[in-house]
Amino acid sequence: LSAVRSGLLHELSIAESVVRIASRQADGRRVMKVQMKVGYLRQVVPSALTFGFGLLAEGTPVEGAELEMEQIPAVGKCRLCGVESLLVDFPLQCGGCGSFDLEILEGEELMVESLELEEA
């Protein structure tokens, strides 16, 4: 239960930031859609983030907005052999030589990419 609660708190914290950012950028207009990029390594549960977003958006310019998330896969480049690999399992390791010495190229994103606002 504590792991579930901890995970939900993670998504609620992210949702709170997204609602705050969207509300500030909306400048008094109603937000219709929020588009985000969420990297695989951020370990975000989309359904929990969507739930938290809807809950925290109530009473703000973001209330009723659609939350659209683009999942970004994890990609790393091996510092030993130079191979770029899709990273799907933990521990993260090179698909070429098996090394754990990787530079993460993608998969750590967590950003509001764009907002769709109601016409003024």
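Residues are numbered from 1 along each chain as its sequence is written, and side-chain values use heavy atoms, with hydrogens and water left out. As the model is predicted, local features need pLDDT of at least 70 and side-chain atom pairs count only at pLDDT 80 or more, whereas totals for chains, interfaces and linings use all residues.

The protein chain contains two helices and six strands. Here helices (H or I, at least four residues) and strands (E, at least two) are DSSP runs, numbered from the N terminus. Read from the N terminus, the elements follow the order α-β-α-β-β-β-β-β. Along the principal axes, the C-alpha atoms occupy a box of roughly 55 × 35 × 15 Å. The radius of gyration of the protein chain is 17 Å, whereas a compact globule of 120 residues would have a value near 14 Å. This radius is taken over C-alpha atoms, and the globule rule is 2.2 Å times the number of residues to the power 0.38. Of the 120 residues, 31% are buried; buried means under 20% relative accessible area, exposed means over 50%, and partly exposed lies in between (1.4 Å probe, protein chains only). Among contacts with a separation of 6 or more, 70% are made by residues 24 or more positions apart, where contact means heavy atoms within 4.5 Å.

An open sheet is formed by three strands in the order β4-β3-β5, with antiparallel pairing. Two strands are taken to pair if DSSP finds at least two bridges between them. In general, strands of a sheet pair through backbone hydrogen bonds, either parallel or antiparallel. The edge strands are β4 (84–87) and β5 (102–106), each of which pairs on one side only. From one strand to the next, the twist averages 35 degrees; axes are lines fitted to C-alpha atoms, for helices over the stretch in contact, and angles run from 0 to 180 degrees between N-to-C directions. Strand β3 (residues 74–78) is joined to the antiparallel β4 by four bridges. Within this pairing, Val75 has Leu86 of β4 as its bridge partner.

In soluble globular proteins, nonpolar side chains tend to be buried together. A nonpolar core is defined as a set of buried Ala, Val, Leu, Ile, Met, Phe, Trp, Tyr and Cys residues joined through side-chain atoms within 4.5 Å. The largest such core has 18 residues, of which Val31, Val34, Met36, Leu49, Phe53, Val62 and Leu67 touch the most other members. Two or more residues are supplied to this core by each of α1 (2–26), β1 (31–39), α2 (46–57) and β2 (66–72). Helix α1 gives the most, with six residues. A second, separate core consists of seven residues, including Leu41, Cys78, Leu92 and Cys94.

Leaving aside neighbours within four places in sequence, the contacts of Met36 include Val18, Leu49, Leu67, Leu110 and Val112. Ile14 lies in helix α1 and counts as buried because its relative accessibility is 9%.

Apart from neighbours within four places in sequence, Lys33 is in contact with Ala65, Glu66, Glu68, Ser114, Leu115 and Glu116.

The structure holds one aromatic pair. Tyr40 and Phe90 are stacked, at 6.0 Å centre to centre and with 15 degrees between the planes. Rings of Phe, Tyr and Trp (its six-membered ring) pair if their centres lie within 6.5 Å; planes under 30 degrees apart count as stacked, over 60 as edge-to-face and the rest as tilted. The pair links parts of the chain 50 residues apart, with Tyr40 in the loop between β1 and α2 and Phe90 in the loop between β4 and β5. Tyr40 is partly exposed, with a relative accessible area of 32%, and Phe90 is partly exposed, with 48%.

Phe100 is placed in the loop between β4 and β5. With a relative accessible area of 53%, Phe100 is exposed. Not counting residues up to four places away in sequence, Phe100 touches Pro91, Leu92 and Gln93.
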